[in-house]
Amino acid sequence: MVDMCKKAEDLKFMKIAIKLGQKGEGFTEPNPLVGAVVVKNGKIISYGFHKSFGQKHAERMALSHITEKNTTLYVPLEPCSHYGKTPPCTDLIIKKSVKRVVISIKDPNPVVGGKGIEKLKKNSIEVDLGCLKYLYSEVNRHYLEYMKEKKPYVTIKAGVSIDSKLTDKYKNSKWITGKELREYSHSLRGEFSAILVGVKTIIEDNPLLNIREKAWLGKRLYRIVLDSNNIMPQDLKIFKHQENFPLIIFSSKNADNKNKKVKDHFFVKPNKDGLDVREVLHILYKKGIASVMVEGGGNVINSFLKERLYNEIILFCADKLIGAKESVELFSSGMSILNPIIFRKREILEFNSGYILRGFK
Ligand code: AOF
Ligand code: ZN
């Protein structure tokens, strides 16, 4: 893969713009991660990034206060040309007499989709497209999946023993991974718009499913529960703190109990494994949820694996052997043919008590 830019200095400044955009991770969705750098005579004179959903676009943060003309603007995503929550960034770029704009990728958002670049060119601004497009597509993968595939980016996360067991022989899953791996996994929630679990996990563990780490202070995280038969008791902890951690429930259209327990309680098509997860994802897309981490238990993970509805898998593997045939295995239903999971990229991180494997489809 070639990720080259037209000029060597473009590579340097675009890398900085992309890194700046990453500061907004976990806070901008369903909007993208965008940073912007303004350069004059080889020096950065201003920069900015999109901090959180609804706030100013990166280009506006970087350009608003500058007086210099004939600058180069580095922005990984094509500048917008539409009136959204803020006026078009292209108008500001033109007003500020920017000479050249370097962009990694065209904006897949249909309201922009090339019109931003066209407008800049029409106003005699030089545009270079493609610089670090692979790097940026990786960084901005939630937004791209959401815009292009019209579904949230799905990450499956599971804590397993080295023999792939999700529970011990009494079907307890809570202590498969130790403190070290559990804390890491907990903090990872910050990267996503939502976490999704099955009702069994909620009833057995009575978790809050929120984020408590300082690093993610102020983050809003949706909690999604798949409860086919609508049996979840309403005195569980999951019903608390819905201001910052809104709860969404999905039950089957065939459930006997059709009482809505929260405002966003949806009744969807059932299938033989539980619920039609495609419909679940479609509803989440419509609600503006760009990424979901599927946390378990076994049945829920199974449904997403079976439908191949995932973009990424994160396995927290503890140095433990469980061995019992009564314990729940990861993907125990299996495939009818040998069907390898092909990761285009994988990362492995070692800990004292195990390792994390993160595979990207
Ligand atoms: C951002 N931040 O830095 C840039 C974006 O919801 P709005 O009105 O703010 O518009 C969001 C769209 O604006 C987004 O989908 C993308 O097409 C474009 N660019 N958005 O949130 C930014 N540059
Ligand atoms: Zn904009």
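Author: Here is a walk through the ligand site, followed by the cores and a few single residues. First, some housekeeping: this is a predicted model, where local features need pLDDT of at least 70 and side-chain atom pairs count only at pLDDT 80 or more, while totals for chains, interfaces and linings use all residues. Residues are numbered from 1 along each chain as its sequence is written, chains are lettered from A and ligands numbered from 1 in the order in which they are written, and side-chain values use heavy atoms, with hydrogens and water left out.

So, who surrounds ligand 1? The shell has 16 residues, and the closest are His57, Ala58, Lys85, Asp107 and Asn109 (a residue belongs here if one of its heavy atoms lies within 4 Å of the ligand). Sorted by type, that shell holds seven nonpolar, six polar and three charged residues; here Ala, Val, Leu, Ile, Met, Phe, Trp, Tyr, Cys and Pro count as nonpolar, Asp, Glu, Lys and Arg as charged, and the others, Gly among them, as polar.

Now for the oxygen atoms of the ligand. A polar side-chain atom of asparagine 31 sits 3.1 Å from an oxygen of ligand 1, histidine 50 has one at 3.0 Å from a ligand oxygen, and tyrosine 143 has one at 3.1 Å. On its own, ligand 1 exposes 480 Å², and the protein buries 96% of that (areas come from the Shrake-Rupley method with a 1.4 Å probe; for residues, only the protein chains shown count as cover). The elements giving two or more residues to the shell are α2 (58-63) and α6 (141-149); helices (H or I, at least four residues) and strands (E, at least two) are DSSP runs numbered from the N terminus.

Moving on to the cores, the largest nonpolar one has 39 residues, and Met14, Leu63, Leu73, Tyr74, Ile93 and Val101 touch the most other members. Such a core is a set of buried Ala, Val, Leu, Ile, Met, Phe, Trp, Tyr and Cys residues joined through side-chain atoms within 4.5 Å, and buried means under 20% relative accessible area, exposed over 50%, partly exposed in between (1.4 Å probe, protein chains only). Helix α1 (residues 8-21) supplies the largest share of this core, five residues. Methionine 14 touches Tyr74, Val75, Pro76, Val102, Ile103, Ser104, Cys131 and Leu132, not counting residues up to four places away in sequence; contact means heavy atoms within 4.5 Å. Apart from this core lies another, of 33 residues, including Ala194 and Val277.

Serine 303 lies in α10, is buried at 10% relative accessible area, and, leaving aside neighbours within four places in sequence, is in contact with Asp273 and Val277. The buried residues of α10 (residues 298-306) also include Val300, Ile301 and Phe304, and its buried residues pack against β6, β7, β8, α9, β13 and β14. After α10 comes arginine 308, with a positive phi near 55°.

Serine 251, in strand β9 (residues 247-252), is buried at 0%, and its side chain makes a polar contact with the side chain of histidine 265 (2.9 Å). That term means N or O atoms within 3.5 Å; within protein, one must be able to donate a hydrogen and the other to accept it, and residues adjacent in sequence count only if both atoms are side-chain atoms. Lysine 115, in helix α4 (residues 115-122), is partly exposed at 43%.
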